[in-house]
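Work through the exercises below with the sequence and the structure at hand. Each task is followed by a solution in steps.

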Amino acid sequence: HGITAELIRQVGRENLVIATKTTARTAAEMKQALERFRKELNTDYLDIVLLHCMTQRNWTETHAGVMDVLSAAKEKGVVRALGCSCHDFGAFQTAARSPWVEVNLCRINYDGCHMDHTPDKIIAVLEQMHAQGKGIYGMKVVGQGKLTDDPRRALQFVMGLSCVDAITVGMLSEREILQNIEIIEEFARVTV
């Protein structure tokens with residue numbers, strides 16, 4: 001959050017969409033986390049808050065208190081959109097069915113590496129979510145580093161999915177950053 005707060009200061013809050021995630025498991029933890037996030041980011045509101053690492057099919061029941069706090073924060077304008085990241089296929093299917101989930105951070109790549117199921121099964125659920133108007137952004141698009149031997153293939157596969165709205169890519173060096181920018185710009189030119 002500290003690095004993002006500096007970015008906010010440099011480019012202006014209105015020019016950014018801030019997504020963060022929480023491991024809060026109780027209502028009290030969530031209330032504290034929201035205050036801490038806003039303080040660390042030096043902002044009055046958060047665009048997207050995700051419940052991180054849902055691993056149980058019944059997470060909407062076990063995390064009801066946390067969800068209630070986030071829903072109340074959304075009603076007050078403290079949060080603009082709510083969602084989750086899933087690390088289990090059953091939890092992922094629950095996210096697809098839940099009207100509470102507006103945004104889903106999902107593991108998707110061409111190889112099925114570090115994913116919850118095969119790419120075709122994940123894509124089917126993503127298409128269902130997207131058809132409901134849920135925002136989808138992909139993670140593990142380079143398979144947690146396992147698919148970096150051909151980053152072009154990895155990035156273009158996920159960017160080519162009509163059910164994915166955005167991606168997040170971990171990078172370890174300036175070379176990787178520049179390489180990924182080049183791949184994304186190339187893809188944008190070809191698809192326009």
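**Exercise 1.** Find the bridge partner of Cys 106 in β5 and describe how the two strands run.

Solution. The partner of Cys 106 in β5 is Gly 138. Strand β4 (residues 103-107) and strand β5 (residues 135-139) are parallel and are joined by five bridges. Strands here are DSSP runs of E with at least two residues, and helices are runs of H or I with at least four residues, both numbered from the N terminus. Two strands count as paired if DSSP finds at least two bridges between them.

Before going on, note that this is a predicted model: local features need pLDDT of at least 70, side-chain atom pairs count only at pLDDT 80 or more, and totals for chains, interfaces and linings use all residues. Residues are numbered from 1 along each chain as its sequence is written, and side-chain values use heavy atoms, with hydrogens and water left out.

**Exercise 2.** Decide whether Cys 106 is buried or exposed, and state how many disulfides the structure holds.

Solution. Cys 106 has a relative accessible area of 2%, so this residue is buried (buried is under 20%, exposed over 50%, partly exposed in between, with a 1.4 Å probe and protein chains only). Cys 163 is also buried, at 3%. The structure holds zero disulfides, a disulfide being a pair of cysteine sulfur atoms within 2.5 Å. For Cys 106, the nearest cysteine sulfur is that of Cys 163, 7.7 Å away. That distance is too far for a bond.

**Exercise 3.** Give the order of the strands in the open sheet and explain why β1 and β6 stand at the edges.

Solution. The six strands follow the order β1-β2-β3-β4-β5-β6, with parallel pairing. β1 and β6 each have a single partner strand, so one side of each lacks a neighbour in the sheet.

**Exercise 4.** Describe the side chains of β1 and the path from β1 to β2.

Solution. In a regular strand the side chains alternate between the two faces of the sheet. The chain then passes from β1 through helix α2 (residues 27-41) to β2 in a right-handed β-α-β crossover (with the strands pointing away from the viewer, the path from the first strand over the helix to the second runs clockwise). β1 pairs with β2 (residues 46-54) in the parallel sense over four bridges, and Lys 21 has Leu 50 as its bridge partner in β2.
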